[in-house]
Amino acid sequence: MSADDLRLKLQLIDTCRALRGSGLTHGTSGNVSVRRDAQSLFISPTGADYDTLRPQDIPLLHLDGRWSGGLKPSSEWRFHRDIMRTRNDVNAVVHTHSTYATALACTEQGIPAFHYMVAIAGGADIRCAPYATFGTEELSRHALAALHRRRACLLANHGVIALGRDLAEALKLAGEVENLAAQYLTALRAGAPRLLPQEEMDRVVEKFRTYGHQDGTDDQDLKHDSDL
């Protein structure tokens, strides 16, 4: 096992454990993948206890559907593979059954522009893909459509998919989606939430392109004084 492969497998295991530690999933539900190269990815194994996972347990999945490794890939391998195959901007996928986002998905609703942070997923809303049986090609097609020009979606009667340039980013986004779902469900109990207009969400999406980047700023009025 190369040093790079070991590093990616350990990151994947840490991410799986962080899902449960953060309450984003329970038991062995949810799954995680990370791109290895242009033709393959590492993916969490099906039904495995995250606490006992070892690097040698993590399967390697090729984009043509072949796999190798100690344990069989997640039952949701298909949408992980299809996302990696069609999205060059994605290097990591996190799938959760987090409580609030899944509850909302069970009503077949997505998350509209009730809060500007919805734009963190890449658009004016977070869509909910139609229901299909887990692990199927149909579910993968629905997920890809819901993720078009987005970095996260809900899956009806199922859960959440979050994408990232790396595992840390995908995990963070999964947490943001769960928080937004909790806020939206709370707002619905208080009344009809005011939705932000498309032009404002477009503005926020653009600002998020540089948000948090230390090599640039989205605030043109902020001037850096190196002498301070």
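Biologist: Is cysteine 16 buried or exposed?

Modeller: Cysteine 16 counts as buried, because its relative accessibility is 0%, where buried means under 20% relative accessible area, exposed means over 50% and partly exposed lies in between, with a 1.4 Å probe and protein chains only. Keep in mind that this is a predicted model, in which local features need pLDDT of at least 70 and side-chain atom pairs count only at pLDDT 80 or more, while totals for chains, interfaces and linings use all residues. Residues are numbered from 1 along each chain as its sequence is written, and side-chain values use heavy atoms, with hydrogens and water left out.

Biologist: How many disulfides does the structure hold?

Modeller: The structure holds zero disulfides, a disulfide being a pair of cysteine sulfur atoms within 2.5 Å. In general terms, a disulfide is a covalent bond between the sulfur atoms of two cysteines.

Biologist: OK, on to the strands. What is the order of the strands in the open sheet?

Modeller: The eight strands of the open sheet follow the order β4-β3-β2-β1-β5-β8-β7-β6, with mixed pairing. Two strands pair if DSSP finds at least two bridges between them; helices (H or I, at least four residues) and strands (E, at least two) are DSSP runs numbered from the N terminus. The edge strands are β4 (67-68) and β6 (128-129), each of which pairs on one side only.

Biologist: Which strands does β1 pair with?

Modeller: Strand β1, residues 31-37, is antiparallel to β5 (residues 92-96) over four bridges, and four bridges also join β1 to β2 (residues 40-43), again in the antiparallel sense. On the β5 side, valine 32 stands opposite valine 94. On the β2 side, serine 33 stands opposite isoleucine 43, and arginine 35 has leucine 41 as its bridge partner. β1 and β2 form a hairpin with two residues between them, and five of the seven residues of β1 are buried.

Biologist: And how many residues of β8 are buried?

Modeller: Six of the six residues of β8 are buried. β8 runs antiparallel to β5 over five bridges, with leucine 163 as the bridge partner of valine 93, and antiparallel to β7 over four bridges, with glycine 159 standing opposite leucine 155. The hairpin of β7 and β8 has three residues between the strands, and asparagine 157 takes a positive phi near 55° there.

Biologist: What about the inside, so which residues have the most contacts in the largest nonpolar core?

Modeller: Those are Leu12, Ile111, Ile126, Leu154 and Val177, in a core of 48 residues. A nonpolar core here is a set of buried Ala, Val, Leu, Ile, Met, Phe, Trp, Tyr and Cys residues joined through side-chain atoms within 4.5 Å. Helix α5 gives the most to this core, with nine residues. Leaving out residues up to four places away in sequence, valine 177 touches Ala101, Ile111, Ile126, Ala152, Leu154 and Val160, contact meaning heavy atoms within 4.5 Å.

Biologist: Last topic: how many salt bridges does a search of the whole structure find?

Modeller: The search finds 16 salt bridges, each being a side-chain nitrogen of Lys or Arg within 4 Å of a carboxyl oxygen of Asp or Glu. Arginine 54 and aspartate 57 meet in one of them, at 3.0 Å from N to O; arginine 54 counts as partly exposed at 44% relative accessibility, whereas aspartate 57 is buried at 8%. Asp5, Arg36 and Asp37 are linked in a network of salt bridges.

Biologist: Where in the chain do arginine 151 and glutamate 169 lie?

Modeller: Arginine 151 lies in the loop between α4 and β7 and glutamate 169 in helix α5, 18 residues apart, so that the pair links distant parts of the chain. Their closest N and O atoms are 3.7 Å apart in the salt bridge, and arginine 151 is partly exposed, with a relative accessible area of 25%.
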